[in-house]
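Trainee: I am new to this one. Could you walk me through it, one question at a time?

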Amino acid sequence: MAPLIALIGSWLVLRMAGLLGIDALDGWQPALRGGLALMFVLTGVAHFSAKRRDSLIAMVPPRLPRAPLLVTITGVLELVGAVGLAFPSTAPVAAICLALLLLAMFPANVSGARRQLKIADRPVTPLVPRTLLQVLFVASCVAAAL
């Protein structure tokens with residue numbers, strides 16, 4: 001739920017800043033890109049957090065090899081994508097790449113939900129709400145790319 005709160009909360013704050021006169025944030029799309037960037041920094045850093053890394057590795061479907069490496073790669077890609085969202089020239093490509101990354105990582109979310117795993121001692125989001133969140137996150141990335 002933290003990524004959703006980060007996305008919506010930061011989008012609202014950034015949109016308000018745009019309405020108050022910060023030209024770079026004047027519009028829903030720049031604010032959305034900022035909100036997504038914050039969300040992906042939050043989730044990307046979690047891939048390296050001592051408290052969460054082992055849980056994220058456990059979420060990787062067992063049939064995939066080298067789960068620790070996959071978690072590292074996806075964390076790096078989330079952080080690189082977040083940086084890409086910060087620059088108008090790279091934001092559309094970064095947003096589409098992040099949407100594709102979300103789709104590629106979704107099997108890990110399904111695996112975690114089906115096996116009722118925990119992240120940092122908290123249950124992962126159940127499958128139906130997680131699927132709805134994933135749709136929202138992917139749609140946000142697509143909207144940020146337009």
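## Burial, helices and pockets

Mentor: A113 has a relative accessible area of 14%, so it counts as buried. Keep in mind that this is a predicted model.

Trainee: Which helix does A113 lie in?
Mentor: A113 is a buried residue. The helix that holds A113 is α5.

Trainee: Which residues is A113 in contact with, leaving aside its neighbours within four places in sequence?
Mentor: Contact here means heavy atoms within 4.5 Å. By that cut-off, and with those neighbours set aside, the partners of A113 are V124, T125, P126 and L127.

Trainee: How far apart in space are A113 and A46, C-alpha to C-alpha?
Mentor: In sequence, A113 and A46 are 67 residues apart. In space, their C-alpha atoms are separated by 18 Å.

Trainee: What should helix α1 span, and what is the distance between its end C-alpha atoms?
Mentor: Helix α1 covers residues 2–19, which makes 18 residues. At 1.5 Å a residue, the span should be 26 Å. The model agrees, with the end C-alpha atoms of α1 at a distance of 25 Å.

Trainee: Which elements do the buried residues of α1 pack against?
Mentor: Start with the buried residues of α1: P3, L4, A6, L7, S10, R15, A17 and G18. They pack against α2 (28–46) and α6 (127–145).

Trainee: Is S10 buried or exposed?
Mentor: S10 sits in helix α1. The cut-off for buried is under 20% relative accessible area. S10 has 11%, so S10 is buried.

Trainee: Which backbone oxygen does the side chain of S10 reach?
Mentor: Look within the helix first. A6 is also among the buried residues of α1. At 2.4 Å, the side chain of S10 reaches the backbone oxygen of A6.

Trainee: What else does S10 touch, not counting residues up to four places away in sequence?
Mentor: With those residues left out, look to the rest of the chain. S10 touches I5, G34, G35 and L38.

Trainee: What is the phi of G21, the residue that follows α1?
Mentor: G21 comes after the helix, and its phi is positive. The value is near 120 degrees.

Trainee: What covers the buried residues of α2?
Mentor: The buried residues of α2 include L32, L36, M39 and F40. Their cover includes α1, α3, α4, α5 and α6.

Trainee: Which element gives the largest share of the lining of the largest pocket?
Mentor: This pocket holds about 1200 Å³ of space. Elements giving two or more residues to its lining are α1, α2, α3 (53–59), α4 (67–85), α5 (91–114), β2 (122–123) and α6. The largest share, six residues, comes from α5.

Trainee: How do the residues of that lining divide?
Mentor: The largest pocket is lined by 36 residues, with P3, L56, N109, I119 and R130 nearest its centre. The lining divides into 26 nonpolar, five polar and five charged.

Trainee: Which element gives the largest share of the lining of the second largest pocket?
Mentor: The volume of the second largest pocket is about 180 Å³. Its lining includes P30, R33, G34 and A37. By type, the lining holds nine nonpolar residues, one polar and one charged. The largest share, four residues, comes from α2.

Trainee: Is S55 buried or exposed, and what does S55 touch?
Mentor: S55 is in helix α3. Its relative accessibility is 14%, so S55 counts as buried. Not counting residues up to four places away in sequence, S55 touches K118, I119 and A120.

Trainee: What is the phi of R66?
Mentor: Most residues other than glycine have a negative phi. R66 is not a glycine, yet its phi is positive. R66 is in the loop between α3 and α4, and is exposed at 63% relative accessible area. Its phi is about 55 degrees.

Trainee: Where is Q116 found?
Mentor: Q116 is another residue other than glycine with a positive phi, near 50 degrees. With a relative accessible area of 69%, Q116 is exposed. Its place is the loop between α5 and β1 (118–119).

Notes. Residues numbered from 1 in each chain as written. Predicted model: local features only at pLDDT ≥ 70, side-chain atom pairs only at ≥ 80, totals over all residues. Heavy atoms only, no water. Expected span 1.5 Å × (residues − 1). Buried < 20%, exposed > 50% of the residue type's maximum accessible area, 1.4 Å probe, protein only. Polar contact = N/O pair within 3.5 Å; in protein donor to acceptor, adjacent residues only side chain to side chain. 1 Å grid on protein atoms, 1.4 Å probe; cavity = no way out; pocket = protein on both sides within 12 Å on 5 of 7 lines; lining within 4 Å. Points joined across faces, edges and corners; volume = space filled by probe spheres on them. Nonpolar A, V, L, I, M, F, W, Y, C, P; charged D, E, K, R; others polar.
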